Amino acid sequence: MKNTTADKQARLFKALMHPVRIQILEILRNGEACVCHIEAILGLRQAYVSQQLAVLRRAGLIGDRREGPNIYYRIIRHEVLDLLDMARALAGESESTLPLSAGCSCPRCATPIVLLERGV
């Protein structure tokens with residue numbers, strides 16, 4: 001009885017029942033991001049962000065890849081974005097209010113700044 005459709009749906013909703021996890025998915029809506037990027041946008045400690053990412057990964061909603069010392073996360077079940085859009089509409093909101101840039105020091109975020117400083 002643990003593998004019924006209702007049980008699977010309940011596990012999915014349980015993974016989404018935290019504002020920080022929803023915010024993480026909203027950040028990842030724009031493409032993959034490293035932990036330091038997510039941490040900078042949300043203003044939260046790395047350990048806490050990593051805990052929330054682990055819940056989303058166990059739920060099968062996000063995946064990760066390592067590039068040197070950095071781990072980048074991405075959404076692998078894009079249907080969750082439709083669910084978030086519907087939830088936002090039901091809550092009477094039109095769009096996410098999260099900032100797009102973080103100002104973190106990861107290689108991906110730092111590269112454009114280095115290029116601009118060099119005049120490239």
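Predicted model: local features only at pLDDT ≥ 70, side-chain atom pairs only at ≥ 80, totals over all residues.

Guide: Axes here are lines fitted to C-alpha atoms, for helices over the stretch in contact, and angles run from 0 to 180 degrees between N-to-C directions.

Visitor: At roughly what angle do the axes of helix 2 and helix 5 cross?

Guide: Take the fitted axes of helix 2 and helix 5. They come within 11 Å. The crossing angle is roughly 120°.

Visitor: Is helix 2 roughly perpendicular or oblique to helix 5?

Guide: Angles from 65 to 115 degrees count as roughly perpendicular, and those over 145 as roughly antiparallel. The axes of helix 2 and helix 5 cross at roughly 120°. That makes the relation of helix 2 to helix 5 oblique.

Visitor: How many residues in the contact of helix 2 with helix 5 are charged?

Guide: Helix 2 brings Ile 22, Leu 25 and Glu 26. Helix 5 meets them with Val 80, Leu 81, Leu 84 and Arg 88. The contact divides into 5 nonpolar residues, no polar ones, and a charged group of 2.

Visitor: How many residues of helix 2 are buried?

Guide: Buried means under 20% relative accessible area. Among the residues of helix 2 that are buried are Val 20, Arg 21 and Ile 24. Leu 25 and Glu 26, which meet helix 5, are buried as well. Helix 2 is mostly covered, and of its 10 residues the buried count is 7.

Visitor: Which strands does helix 2 lie across?

Guide: Helix 2 covers residues 19-28. Its direction is at about 90° to strand 3. Helix 2 lies across strand 1, strand 2 and strand 3.

Visitor: In what order do the strands of the sheet stand?

Guide: The sheet is open and has 3 strands, with antiparallel pairing. Strand 1 and strand 2 stand at the edges, each with a single partner, so one side of each has no neighbour in the sheet. The order is 1-3-2.

Visitor: How many bridges join strand 2 to strand 3?

Guide: Strand 2 and strand 3 form a hairpin with 2 residues between them. The two strands run antiparallel. Gly 63 stands opposite Arg 74 in strand 3. The number of bridges joining strand 2 to strand 3 is 6.

Visitor: Which residue in the hairpin turn has a positive phi?

Guide: Look at the turn between strand 2 and strand 3. Phi there is about 65° at one residue, Gly 68.

Visitor: Which residue is the bridge partner of Cys 34?

Guide: Strand 1 and strand 3 run antiparallel, joined by 2 bridges. The partner of Cys 34 lies in strand 3 and is Tyr 72.

Visitor: Is helix 3 roughly parallel or roughly perpendicular to helix 4?

Guide: The axes of helix 3 and helix 4 come within 9 Å and cross at roughly 110°. The band from 65 to 115 degrees counts as roughly perpendicular. That makes helix 3, relative to helix 4, roughly perpendicular.

Visitor: How many residues in the contact of helix 3 with helix 4 are nonpolar?

Guide: Val 35, Ile 38 and Glu 39 of helix 3 make the contact with Gln 46, Val 49, Ser 50 and Leu 53 of helix 4. These include 2 polar residues and 1 charged. The nonpolar count is 4.

Visitor: Which residues does Arg 77 touch, not counting those up to four places away in sequence?

Guide: Arg 77 lies in the loop between strand 3 and helix 5. Arg 77 is partly exposed, at 43% relative accessible area. The C-alpha atoms of Arg 77 and Leu 61 are separated by 5.1 Å, at 16 residues apart along the chain. With that neighbour included, Arg 77 touches Gly 60 and Leu 61.

Visitor: Is Glu 95 buried or exposed?

Guide: Glu 95 is found in the loop between helix 5 and helix 6. Its C-alpha is 8.2 Å from that of Asp 85. The cut-off for exposed is over 50%. At 58% relative accessibility, Glu 95 counts as exposed.

Technical notes:
Residues numbered from 1 in each chain as written. Heavy atoms only, no water. Helix = DSSP H or I, 4+ residues; strand = E, 2+ residues; numbered from the N terminus. Parallel < 35°, antiparallel > 145°, perpendicular 65-115°, else oblique. Contact = heavy atoms within 4.5 Å. Nonpolar A, V, L, I, M, F, W, Y, C, P; charged D, E, K, R; others polar. Pairing = 2+ DSSP bridges. Buried < 20%, exposed > 50% of the residue type's maximum accessible area, 1.4 Å probe, protein only.
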